[in-house]
Each structure stands twice: as C-alpha cells, then as structure tokens.
Amino acid sequence: MAQTKFDKMVEEEAEAFALGIGRFLSGRPMRGKRTTDATFFRAGRRVLPDVEERRVPRSAYRAGWQRLAFRFAGLGATGGVGYWALWEHQEETFALARDLQADPGPALAVLQTGGIGAGCAVTAGGIAYGLLTRRRREFMREWVTPLHEALAVPLGISELTDPRRYLHVPRDFADDDAEIRIDVPAHMRFNEDLVTDLIRKKLALENVSFTWQRAGRNTHVVVKKRKTPPKMLRLTDPGVREALAKMPESAPLIGFGAGGTKVSVDLDADSPHVLISAGTGGGKSTILRAICCQFIHNGAHAYVLDFKRISHTWARGVPGVTYCRDIAEIHDALIRLAQEGRDRIRLAEQLADDVLAREPWRIGPRLVILLEEINATVAQLKRYWARIRESGGPKESPAVENGDADLRAITWKLETIPAAAFPTMPTGESDAGCIESYSADPVYWVRVRPRKSAGTGKSTGRGCVRRRSSAAKAPSVAARGCSSNRQSRGRGAACRGLLCTRPRPGRPRY
C-alpha cells in the first residue's frame, strides 16, 4: 500500500519528536548540530571550524551534563507548578479562570500596574548591570578581543569563538604577580614563537616568561612577569633596616635581588676583596659606600682613597674614616697600610691558633680599604714616585708593589723527589719541624707547580712533591699571599712558580 503524504508527514514528525526527546535526555544541543568542541563532561573552549553561523549562543559552550541539569530543573519546576495548580487546588484554579473570563477588568488593571513596575525594575536592573560591567566590557574591547583576533589564525581557532573561553587575562595583568593563561589546541600544530611574540605585542608585555604545558589534553601556556630586582633600594624602604640588622659582620648587604633575595659577599668566608666594574653612572661608588659604611658601623676603620675627590665626599670628618684625596696622601696611606699588615702578621704568628680564633680582636680592628678608580690611581702613584724617588731607591713605587722585595728577582730550581721521601726529608734551622707538621696535617702540605720539560712545555712528575733550592737568597715576604710579580694581601695565596701554602699562624712561611 502506497504511503500518503500525510503518513510521511506524521512519520517525519514522530522521528523528529523522538530525536528531540533523545537530545533532551542526553544533554545535546536541541538543534542537533554541534557548534563547539564541548562534550558531555567537558565545557567547550572554541567554535568548530565548519560553523557558519554569525553568532554562537553561550549555552553551546556548556558541557552536556550542565544542559541536562538545566533541562531537568526546568521540567521539574513546570511539573511542580502544574501539579500544585491542576491537581491539589483544581477547584480554586478553575474558579479563578471563570472569574477572569466573566470580568477581566480588575485583572487587566493589576497586570497593567504590575507590568509598569516590572518594566521599571527591568530597566533599572539593566542600567545597573551596564554600569557595573562597563569596565569589563571596555577591557574586553581594548585588550582581550584584539588579542583573540591576532591569535585566532595562528592557533587555528574560529573567529566566532568567545575569547573568554580560552583567553584568561586578568584585569590587572600588568602587575608583577599577575598570571595570564591561554588555552591552546591540543594538536600543537602552530608556531610557538609567533604566538609568544603576538602575546607580547598585543598586551604590551616586557620581561615575561612563557611556561608551556604540552602534555595531555589540557594544553595551555602561562605568562608571568619575571621577578626583577628593585630599581632603587633606600634605607627607609620596608624590611631594609631589618635585613641590615640580621647580616653577619663580615657579610655586608649590597642589595636585594629578584624576589627579595639578599645580595651580599662574605669577606671572611668568600674573599677579602671586592672588585666592582661598571660604566659611568652604574653605581660603583654607591655600592662601595654601602659596603664601607656597614663595616664602619660594626667597628672597622676605613681608608677611603678617593683620587677623583668627588666620589666619596661623605667620608670627610666621619669618625673611624681616614679620607685621602691627594696622591701624596694616598701614597703615604698605602705605605702605612703595608707596614700595618706586616706588623699584624708578626703578631698573629706569636699568638696560638686557638687564641687567634677565639680572640681575633687581638691583632687589631678590621681595616677596610676603599680604592676609587684603581687604574687611574695606580698610574698617578707611579708618576708621583718617579718625581719623589731618591737616587738608589726602588724603581717601582712601594705603594704599588707593596713590599720590600722585588719578587721578579727571585728564582727557583725544582727537583722532583718521591712523595714517600717527603716526611723524612731533613730541614734546616729556619724550617725545623715544618715538614713534619705539614705531613701530619695534609691540608697544609706544601705544593708547587710541576716542572716543565725543555722544549715541550709539558709537566713532568705529576703527583710528586718537589724540593726547592734558591738561586738567590729570598728576602722576607710580609704579604699573606703572592703572585708572579707582586705581593697581594689576599688570604690564601695563588703563586706562580713559588711555594704556595695557606698561611697558618704560628707556622714558618716561605
């Protein structure tokens, strides 16, 4: 039997009704076509590429279980009202309907008055909502939407996508602790460098870091500002005085690094010297002043050698500071400091190790030497010495060489001996007990550089201790450390071609 047109219509309507019930109960869109990448358990982030609609409703981004919950809630509310009105209060409902049909005037008056009131309330609510969301809408127009328009093509995202679904940009994104998160497609088939460059340019960001989450389905990139040191640190800033009070006496506070990290150098544990190199206006004098003032505060005596005459005018008249600005004053101060160093070394040798460790003040207060413009000062000291040098005096300025001997005149002959013979090796009168002491405490073993073979430049006898014999009588060396051509007063010597050891109070030195 042939199917009539009416039968086809009924069948199509029944099929559409069954599909509608299925979509309703499964949480799928009622129109039957997906427009976003939302699933039953996960909310959508972007519009599918083949969607041609001009605008995608917000409900299309909801997860299927959210749609299903809303539908069942609406269905339950409708069923509850119908049950209350048509089942439990059936007579009252029908009576009200008959009265309205017989005399609709009072009902219309109530509806008119209520309609005006409801309209006014809706209007006021709309105005309030517009005012409250004005800044958010301006922020979206100024920053988020342009960023979406720039990233849509590189990320392969439809321009119909709501930017708020994948661009999580806080309104205070320019703050130091702000965090920007951008959800990206899981396929990762895009140019990461291009994306990061567009984010920087569209949001006007500088000094930021990008953290990519590429594994799994939840792919995204997090943009944060890198923590940078403060541009200026003043004594009145919060926490500065407290940090200064907690710093050890030997480790002055230089400044704060990224994240409030303290920047300091321990002149006892690390090195007794600080060299600052920077361009004009880089803060060299300011850093030296900060270090020097902290030592003065803790009882040290400072020698400020300011050849420029203008870098450390703060030191004039300060108790505990010897301020030298003329080259003659600087020359004389360096000579006095050299003699002071020699006197302190002799005094330290007379004290026992335990006494010196327990009472370091016995050899005098800490001395801090602030030398401004080292290269220019050394050059002026050499010229000054050339003018005042007497006949027969040393050619090099004692303020520059800082010692009584020209170390370049000292030569050494190195002879390889077995290490096993070292503990029993005889010593002279001045070295009595030295070898035995060092062999008993390996930390203080005397070591020298290996001898080089003639013509090859390669070392021989590695791992052997070498006996020394002097071709010329070595004069006394008062410095705590030595280098190839000059003495230095650094702790821990670094010698080249000479015997090298860490000075130890009460032990003979070479």
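At what angle do helix H9 and helix H11 pack, and how far apart are their axes?

**Entry 1: the model.** I am working from a predicted model, in which local features need pLDDT of at least 70 and side-chain atom pairs count only at pLDDT 80 or more, while totals for chains, interfaces and linings use all residues. Residues are numbered from 1 along each chain as its sequence is written, and side-chain values use heavy atoms, with hydrogens and water left out.

**Entry 2: H9 and H11.** I looked up helix H9 (residues 327–350) and helix H11 (residues 374–388), which pack at an angle of about 90° with their axes 10 Å apart; axes here are lines fitted to C-alpha atoms, for helices over the stretch in contact, and angles run from 0 to 180 degrees between N-to-C directions. H9 and H11 are therefore roughly perpendicular to each other (65 to 115 degrees counts as roughly perpendicular, under 35 as roughly parallel, over 145 as roughly antiparallel and the rest as oblique). From H9, Ile327, Ala328, Ile330, His331 and Leu334 meet Thr377, Gln380, Leu381, Tyr384, Trp385 and Ile388 of H11, where contact means heavy atoms within 4.5 Å. Sorted by class, the contact of H9 with H11 has eight nonpolar, three polar and no charged residues (Ala, Val, Leu, Ile, Met, Phe, Trp, Tyr, Cys and Pro count as nonpolar, Asp, Glu, Lys and Arg as charged, and the others, Gly among them, as polar).

**Entry 3: the whole chain.** I noted 13 helices and 13 strands in the protein chain, these being DSSP runs numbered from the N terminus (helices H or I, at least four residues; strands E, at least two). Of its 510 residues, 29% count as buried, with buried meaning under 20% relative accessible area, exposed over 50% and partly exposed in between (1.4 Å probe, protein chains only). Among contacts with a separation of 6 or more, 52% come from residues 24 or more positions apart.

**Entry 4: H5 and H6.** I then turned to helix H5 (residues 134–155) and helix H6 (residues 192–203), which pack at an angle of about 165° with their axes 10 Å apart. H5 and H6 are therefore roughly antiparallel to each other. On the H5 side, Trp143, Pro146, Leu147, Ala150, Leu151, Pro154 and Leu155 meet Leu194, Val195, Leu198, Ile199, Lys202 and Leu203 in H6. I count this contact by class as twelve nonpolar, no polar and one charged residues.

**Entry 5: the cores.** Which residues have the most contacts inside the largest nonpolar core? I found Leu151, Ile182 and Ile199, in a core of 26 residues; such a core is a set of buried Ala, Val, Leu, Ile, Met, Phe, Trp, Tyr and Cys residues joined through side-chain atoms within 4.5 Å. H5, strand S2 (179–183), H6, strand S3 (208–213) and strand S4 (220–225) each supply at least two of its residues, and H5 gives the most, with six. Apart from this core lies another, of 15 residues, including Leu288, Cys292, Val321 and Leu370. Leaving aside neighbours within four places in sequence, Leu151 is in contact with Tyr166, Leu167, Ile182, Val195, Leu198 and Ile199.

**Entry 6: the loop between H6 and S3.** I found Ala204 in this loop, with phi near 55°, a positive value in a residue other than glycine. Ala204 counts as exposed, at 57% relative accessibility. Asn207 lies in the loop between H6 and S3 as well, with phi near 55°, and is partly exposed, with a relative accessible area of 39%.
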